[in-house]
Amino acid sequence: KLFFRPMQRQKPVPKSARNFRLAYTNLKTGLICIDILTPRKRQPKKPSAVLRIIAHEIAHHQKPPYKQRFRGRIINRQHYPKFYKQVNKNIEKIKKDSLLGQYFK
């Protein structure tokens, strides 16, 4: 159900490296788009970093966001403790895999 695609970025990110996206996902179509290059120098990322990003984005499909009331306002909960537990479970599954686990050593 999920489709992966590398992000199409031509220019390096400006000085402040906090305003860039590592990846994004579309819950309706199942598309996961990943930036496989580093933000400033546009060099390829380590395979373990890309696999961690994939585990994070897959967790968005496993534990989808929900709306919650907080102090009289409605907020959209995308990252919450159960979500991060799912990310850690996904990373552990990848580490146990014989083919992909070699990138975490």
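**Aromatic rings and a charged patch**

Tutor: Let us begin with one residue of this predicted model. Tyr66 has a relative accessible area of 36%, so it counts as partly exposed.

Student: How many aromatic pairs does a search of the whole structure find?

Tutor: Rings are judged by the distance between their centres, which must lie within 6.5 Å. In this structure the search finds three aromatic pairs. One of them joins Tyr66 and Tyr80, with 5.1 Å from centre to centre and 75° between the planes, and is edge-to-face. This pair links distant parts of the chain: Tyr66 lies in strand E4 (residues 66–70), while Tyr80 lies in the loop between strand E5 (73–77) and H2, 14 residues apart.

Student: Is Tyr80 buried or exposed?

Tutor: Buried means under 20% relative accessible area. Tyr80 is buried because its relative accessibility is 9%. Tyr80 also forms an aromatic pair with Phe83, which is tilted, at 6.3 Å centre to centre and 45° between the planes. Phe83 has 0% relative accessibility, so it is buried.

Student: Which residues do ring pairs link into a cluster?

Tutor: The cluster consists of Tyr66, Tyr80, Phe83 and Tyr84, linked by ring pairs.

Student: Which residues gather in a patch of positive charge on the surface?

Tutor: Lys and Arg count as positive. Here the patch of positive charge on the surface brings together Lys82, Lys85, Lys89 and Lys93. Lys93 is located in helix H2 (residues 81–96). With 57% relative accessibility, Lys93 is classed as exposed, because exposed means over 50%.

Note on methods
Residues numbered from 1 in each chain as written. Predicted model: local features only at pLDDT ≥ 70, side-chain atom pairs only at ≥ 80, totals over all residues. Heavy atoms only, no water. Patch = residues over 30% accessible without salt bridge, like charges linked within 9 Å, V, L, I, M, F, W, Y side chains within 5 Å. Areas by Shrake-Rupley, 256 points an atom, 1.4 Å probe, with all protein chains shown as cover. Salt bridge = Lys/Arg side-chain N within 4 Å of Asp/Glu carboxyl O. Charge placed at Lys NZ, Arg CZ, Asp CG, Glu CD. Helix = DSSP H or I, 4+ residues; strand = E, 2+ residues; numbered from the N terminus. Buried < 20%, exposed > 50% of the residue type's maximum accessible area, 1.4 Å probe, protein only. Phe/Tyr/Trp six-rings, centres within 6.5 Å; stacked < 30°, edge-to-face > 60°.
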